Amino acid sequence: MKICVLVKEVPDAAVEKRLNNSTGRMDRSGEKNLNPYDTHAIEAAMQIREGGVAPVEEIVAVTMGPESAVRALHKAVSLGADRSVHLSDEAVAGSDVAATGYALAQTLRRESPDLVLLGQQSDDGECYTIGAVVAEHLGMPSLTQVIKMDVETGALRCERQAEYGYDTVQVSLPAVISVGDAINEPRYPSLKAIMGAKKKPLETVGAADVEIDTSKVGGENSAARWIAAKAPPAKAAGEIIEDEDTAETVEKIVAWLDERKLI
Amino acid sequence: MTNILVYALHYEGAINKNSLGAVSEGAKLAAELGGEAHAILVGEGVPQDLAASLGNYGASKVLVAEGPEGLAQPVVDAMGAAISGGDYKYALFGGGLLGFEIGAGLAARLGAGVAMEVTAVRAEGGELIAERPILGDSAISEISYRSEVGIVIGRLNAFEIKETGAGAAAVEQLSFELSPHASQAKMITRGEQRGADVDIEGADILVAGGRGLGKAEGFQLCEELAGAFGNNAAVAATRAVVDAGWYPYAAQIGQTGKTVSPKLYLAAGISGAIQHKVGMQSSENIVAINKDSNAPIFEFSDLGIVGDLNKILPKLTEAVKAKKG
């Protein structure tokens, strides 16, 4: 079995995220890291490999993004991927979700994976939908927010929480599965794995290499157009108490609740 | 004509509340655009009267397609067929897990633009413009569509349910072909309830616990505090801890759980992710205790306490008990 894991670099959680007001796009400068949700997808791939039910020949990390995205691939490799593929092309910059999903699907197509895994959402765009877009382009079944995955012959038995409780769904391979963060506890990479990550094969491809129709990608060609950004209606900031003396803190909470007749 | 096709999720003979909101919103927007709102239901033997009841929320026609329930890709096939054989400019979803999956798949199928987590939509010059909060709701972006069909996926509870009193809608059977990949996923069991059946929707006071409780036993602190408040209080939980098996699914707040608006929502060890926020943000008073001063929940709480809940909750329980005498 060959598993491709889609990863993404995102601004570090400690960096304040902001918009570029002239383009309406996310300002993606500043410190970057691997999207924390993606580490669960890599861990899920590792657990399938280690589980031994189906032999895993290869785990390939795949990303799309500027040059700096290589760092997310190095992190993915340090967590267990065998090699990585980086789609980097000016033509895809600024693509919306639908165009990004198409570009990633084209990149994946060349790898012919048996399973595509990804995290439930990205830490910056808060978008949970890329898996469904990729699956549609690849003509594969897909499921998002999967929290348990068992390998069966030619299929996966997946569990997830949906609108009315927990669903168990059998999905035939090849498939695109986005995993929820409850699926596993990602391991920490060893120092040796971190040091060795840069030596693992990393292939950089352009739009032409993976046969992307460039009239379908990029900010100008995306079907959803960001026309403006505005501030949300102002909401009075809540009161904040830093707990230094807990007895005093509790007294303040009780007074606050009492004032509002909540006790 | 500028018609809008609205997806309506149904389960065990009832339409999902978010879908009713989406149908209401679709009807309002279609009227502004000079068209009609049609709804679509996909399932096994969907009752005619259930479909027709969407007329009460403004749908002038309801399409019913026979297909597997609870999975997104068959609905993509059905909506794709409806849109290619009809006169639709927009597809609208009320949010939720399936809404996101179907909307995204449909966007890929049709080469359509998609906006998700949408909190408001307006008609302007014969087009729809969707508003989507971004960056932890600190900004709102506006999105328009270049494609022939535009897809709008609402945020949970964003669209208000409005009964028009228009009566039953015309119901039409829609036939469509299941694509090969849509038949590659099979529902084995659906809607399994895990854990005890607890009732949190009637409570005036909810003490909610999240991952910050550290372990399943941490919920005891929440239960003791709820107990101190009395009979009108209950304990609720986040998706993360329910998935971890720390607390029953029936007590879960948010995207795939309950939506509540108690007089007091006291969140302990909850970071305040969007998926949680959508289920509790209309609570009258929100109090949050979290050791991380950067937790998003402090952005929308009325009283925030930065500190260790293991120290604060037991003392607060004692103080509430003392106050109540």
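Ala, Val, Leu, Ile, Met, Phe, Trp, Tyr, Cys and Pro count as nonpolar, Asp, Glu, Lys and Arg as charged, and the others, Gly among them, as polar.

A word on the model and its labels. What you see is a predicted model, in which local features need pLDDT of at least 70 and side-chain atom pairs count only at pLDDT 80 or more, while totals for chains, interfaces and linings use all residues. Residues are numbered from 1 along each chain as its sequence is written, and chains are lettered from A and ligands numbered from 1 in the order in which they are written.

Back to our two helices: α3 of chain A spans residues 97-109 and α4 of chain A spans residues 130-138, and their axes come within 8 Å and cross at roughly 50°. Helices (H or I, at least four residues) and strands (E, at least two) are DSSP runs, numbered from the N terminus. Axes are lines fitted to C-alpha atoms, for helices over the stretch in contact, and angles run from 0 to 180 degrees between N-to-C directions. The two helices are therefore oblique to each other; angles under 35 degrees count as roughly parallel, over 145 as roughly antiparallel, 65 to 115 as roughly perpendicular and the rest as oblique.

Now follow α4(A) across to the other chain. Its axis and that of α4(B) come within 8 Å and cross at roughly 40°, so this pair is oblique as well. On the chain A side the contact is made by A132(A), V133(A), E136(A) and H137(A), and on the chain B side by E101(B), A104(B), G105(B), A107(B), A108(B) and R109(B).

How many residues does each chain give to the contact between chain A and chain B? Chain B gives 77 and chain A gives 65. Elements that give two or more residues on the chain B side include α3 (72-85), α4 (96-110), β13 (185-192) and α8 (309-324) of chain B. The largest share of that side, 10 residues, comes from α4(B). Sorted by class, the side of chain B that touches chain A has 38 nonpolar, 20 polar and 19 charged residues.

The helix α8(B) has its own partner in chain A. The axes of α6(A) (residues 246-259) and α8(B) come within 9 Å and cross at roughly 50°, which makes α6(A) oblique to α8(B). Among the residues that meet are V250(A), I253(A) and V254(A) in α6(A) and I312(B), L316(B) and V320(B) in α8(B). This contact has eight nonpolar, two polar and four charged residues.

Strands cross the chain boundary too. β11 of chain A (residues 165-172) and β13(B) pair in the antiparallel sense over five bridges; two strands pair if DSSP finds at least two bridges between them. Within this pairing, A185(B) in β13(B) is the bridge partner of V171(A). Both strands belong to an open sheet of 10 strands with mixed pairing, in the order β13(A)-β7(A)-β6(A)-β1(A)-β8(A)-β12(A)-β9(A)-β10(A)-β11(A)-β13(B). The edge strands are β13 (202-205) of chain A and β13 of chain B, each pairing on one side only. From one strand to the next, the twist averages 30°.

Which strands make up the other open sheet, with parallel pairing? Six strands form it, in the order β15(A)-β18(B)-β17(B)-β16(B)-β14(B)-β15(B). Its edge strands are β15 (239-242) of chain A and β15 (233-237) of chain B, and the twist averages 15° from one strand to the next. Within the sheet, five bridges join β14 (residues 205-209) of chain B to β16 (residues 264-268) of chain B, which run parallel. L206(B) stands opposite Y265(B) in β16(B). Helix α5 of chain B (residues 219-229) packs on the sheet, touching β14, β15 and β16 of chain B, and its direction makes about 155° with that of β15(B).

Terms used. Two residues are in contact if their C-beta atoms, placed from the backbone, lie within 7 Å.
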